[in-house]
Amino acid sequence: MKISVVIPTIGNRNLRKTLNSIYNSSKKVDEIILSVPPGHKIFRNNFQAYKNLKIHISKTKGQVAQRIEGFIKAKNKFVMQMDDDIVLEKNCLGLMYDF
């Protein structure tokens, strides 16, 4: 089964560490959706290494609204939400998926 990950963000400086931890996970994800509030700039070229990353500009500002819009955009049955400053251990996604 495929997994989507939704991350609301305003461009936290740890975002790259968060994305790397997802990409280095034992369980691969199909898509990562960064949900960004209007007026904040997240430049796609800063994240070219992440091929399955999608940047969504939400209609309103606020973490909850950004998460909801990210969930609506997600294309997979399994959707995980994360904060933009979380660094996963290598087996975390696999353990959660198996559970």
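Predicted model: local features only at pLDDT ≥ 70, side-chain atom pairs only at ≥ 80, totals over all residues.
In which strand does proline 8 lie? Proline 8 lies in strand β1. The chain has an average pLDDT of 90, and 97% of the residues score at least 70. Among the elements of the chain, the highest mean pLDDT belongs to β1 (95), and the lowest, 89, to helix α3, which covers residues 92-98.

The strands are arranged in an open sheet of four, in the order β3-β2-β1-β4, with parallel pairing. The edges are taken by β3 (53-57) and β4 (78-81); each has a single partner strand, so one side of each has no neighbour in the sheet. On average, and with direction ignored, neighbouring strands of the sheet are turned by 25 degrees against each other.

Strand β1 is paired with two of these strands. To β2 it is joined by five bridges, and the two run parallel. Within this pairing, valine 6 has isoleucine 33 of β2 as its bridge partner. To β4, strand β1 is joined by four bridges, again in a parallel arrangement. Here isoleucine 3 stands opposite phenylalanine 78 of β4.

Helix α1 lies across β1, β2 and β3, and runs at about 170 degrees to β1. Together, β1, α1 and β2 make a β-α-β unit that is right-handed.

How much of β1 is buried? Six of its six residues are buried, so the strand is largely enclosed by the rest of the structure. In a regular strand, side chains alternate between the two faces of the sheet. In β1, Ile3, Val5 and Ile7 point one way, while Ser4, Val6 and Pro8 point the other way, and all are buried.

The largest nonpolar core contains 18 residues, and those with the most contacts inside it are Val5, Ile7, Leu19, Ile22 and Ile32. At least two residues of this core come from each of β1 (3-8), α1 (15-23) and β2 (31-36).

With residues up to four places away in sequence not counted, isoleucine 7 touches Leu15, Thr18, Leu19, Ile22, Ile32, Ile33, Leu34, Ser35, Met82, Asp83 and Asp84. Proline 8 has a relative accessible area of 7% and is therefore buried, the cut-off being under 20%. Between the C-alpha atoms of proline 8 and asparagine 76, which are 68 residues apart along the chain, the separation is 18 Å.

Leucine 34 is found in strand β2. Is leucine 34 buried or exposed? Leucine 34 counts as buried, because its relative accessibility is 0%. Not counting residues up to four places away in sequence, leucine 34 touches Ile7, Thr9, Leu15, Ile42, Leu53, Lys54, Ile55 and His56. Asparagine 20 is 14 residues from leucine 34 along the chain, and the C-alpha atoms of the two are separated by 14 Å.

Technical notes:
Residues numbered from 1 in each chain as written. Heavy atoms only, no water. Core = buried A, V, L, I, M, F, W, Y, C linked by side-chain atoms within 4.5 Å. Buried < 20%, exposed > 50% of the residue type's maximum accessible area, 1.4 Å probe, protein only. Contact = heavy atoms within 4.5 Å. pLDDT = per-residue confidence, 0-100. Pairing = 2+ DSSP bridges. Axes fitted to C-alpha atoms, helices over the stretch in contact; angles between N-to-C directions. Right-handed = clockwise from strand over helix to strand, strands pointing away.
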